[in-house]
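Keep the sequence and the 3D view open, and try each task before you read on.

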Amino acid sequence: MPNVLHSGDLGDIIYALPVVKAMGDPGIFYITTRPWTKAMTPDRFDTIAPLLRAQSYIKGAEWWRGEHPVVDMSTFRSRSGRGLNLVAWQAQAVGVTPWVCQEKWLEVEPDEGMNGRILLHRSARYHNDLFPWTETVQAVGKSGLFIGPDYDFWAFRNNFGEVEHRPAKDYLELARWIAGCEVFIGNQSSPFAIAEGLKHESVLEVWPTRKDCCYSRGNVQHVVGDEGFSLRGVRIRTQPKYFETSNPSLPITFHAGLELQVVRFERTEWSGACAKGVIALRVPVAIRNIQRRRDCHEISETEYDGKIRRLRGLA
């Protein structure tokens, strides 16, 4: 490979590696900082450099001090990437076939201490409120391990429940953990990029706005809607929420994260309720930080079932 230059973000660098591998003989992977990406500080460089240096197709990873010639991959986002994943987008920018993403491109020794563990990660960006994170935490139990930094962990625990936490010292250690684990579950972030580079058993929380981290392979489950995913032979799905309102106007609009979920209900479940001035609602989506009308409040599944039976004249 010729010497290459990149500025990140860290996930972009990991997704650049199959393109770099396809370029040929080993060269230097230079890293710099650019104004259009998150600043590449010395600390961030130190977290990614060990993983880069561990790859046989890279001669070294160094901070860029103006060396030339280099293939500058840091500008790939200036090209249109509509419909492309992050490997294909970068491959297009330097004239490499986009199919390089189909083969494993990360080389690490699995950490045997992670055998049987289910690794979890969720960054502060790229969320999908339909993903069953609460149910996932409950399902994995003591085998679950959150591997993100402290600020990601506290946000995750506060939203979804208690889980063991262990941050990795750098991305090489993180890659060894993922290579050794039973399954990795995460969102569109740099740890998932590692799982993809290893072609390891994975579950991805897909960001509906841009699905540029979705790659076709047999051992990954992409969760886009409320379909959930299979784990150890069990289907993990978001549990519905139940509400009661005295306002018969439909649809009811809830605010879920950054998206407005407009939920419509089967007429058999609310037409009789309207005549009596009460509506019982079953909301089949995960809704966090609900902003709803004052005349709508949450009820239990048992309360919902009872109200529906009474409204239908069955009780």
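**Exercise 1. How do helix 1 and helix 7 pack: at what angle, and how far apart are their axes?**

Step 1. Find helix 1 (residues 10-22) and helix 7 (residues 190-198). Helices (H or I, at least four residues) and strands (E, at least two) are DSSP runs, numbered from the N terminus.

Step 2. Read off the geometry: the angle is about 10°, and the axes are 8 Å apart. An axis here is a line fitted to C-alpha atoms, for helices over the stretch in contact, and angles run from 0 to 180 degrees between N-to-C directions.

Step 3. Name the arrangement: helix 1 is therefore roughly parallel to helix 7. The naming scheme calls angles under 35 degrees roughly parallel, over 145 roughly antiparallel, 65 to 115 roughly perpendicular and the rest oblique.

Step 4. Look at who meets whom. Leu10, Gly11, Ile14 and Tyr15 on the helix 1 side meet Ser190, Phe192, Ala193, Ile194 and Glu196 on the helix 7 side. Contact means heavy atoms within 4.5 Å.

A word on the model before you continue: it is predicted, so local features need pLDDT of at least 70 and side-chain atom pairs count only at pLDDT 80 or more, while totals for chains, interfaces and linings use all residues. Residues are numbered from 1 along each chain as its sequence is written, and side-chain values use heavy atoms, with hydrogens and water left out.

**Exercise 2. How many residues of helix 7 are buried, and what follows the helix?**

Step 1. Recall the cut-offs: buried means under 20% relative accessible area, exposed over 50%, and partly exposed in between (1.4 Å probe, protein chains only).

Step 2. Count: nine of the nine residues of helix 7 are buried, and the helix is mostly covered. Among them are Pro191, Ala195 and Leu198.

Step 3. Step off the end of the helix. Lys199 follows helix 7 and lies in the loop between helix 7 and strand 9 (202-205). Lys199 is not a glycine, yet its phi is positive, about 55°. Its relative accessibility is 17%, so Lys199 counts as buried.

**Exercise 3. Is Asp12 buried or exposed, and what does Asp12 contact?**

Step 1. Locate Asp12 in helix 1.

Step 2. Apply the cut-off: with 5% relative accessibility, Asp12 counts as buried.

Step 3. Leave aside neighbours within four places in sequence, and the contacts of Asp12 are His6, Phe76, Arg77, Leu86 and Gln90.

**Exercise 4. How are the rings of Phe76 and Trp89 arranged?**

Step 1. Learn the rule: rings of Phe, Tyr and Trp (its six-membered ring) pair if their centres lie within 6.5 Å; planes under 30 degrees apart count as stacked, over 60 as edge-to-face and the rest as tilted. The structure holds 14 such aromatic pairs.

Step 2. Apply the rule: the ring centres of Phe76 and Trp89 are 5.3 Å apart and the planes stand at 85°, so this pair is edge-to-face.

Step 3. Phe76 sits in the loop between strand 4 (71-72) and helix 3 (86-94), and Trp89 in helix 3, so the pair ties together parts 13 residues apart in sequence. Both Phe76 and Trp89 are buried.

Step 4. Compare Phe131 and Phe229: with centres 5.6 Å apart and planes at 20°, this pair is stacked. Phe131 lies in the loop between strand 5 (118-121) and helix 4 (133-140) and Phe229 in strand 11 (residues 229-231), 98 residues apart. Phe131 and Phe229 are buried too. Ring pairs join both to a cluster that includes Trp133, Phe156 and Phe160.

**Exercise 5. How do helix 4 and helix 5 cross?**

Step 1. Take the numbers: the axes of helix 4 and helix 5 (residues 150-160) come within 9 Å and cross at roughly 90°.

Step 2. Name it: helix 4 is therefore roughly perpendicular to helix 5.

Step 3. Find the contact: Trp133, Thr134 and Val137 from helix 4 meet Phe156, Asn159 and Phe160 from helix 5.

**Exercise 6. Which residues does a cis peptide bond join?**

Step 1. Look for omega of about 0°: the cis bond joins His68 and Pro69.
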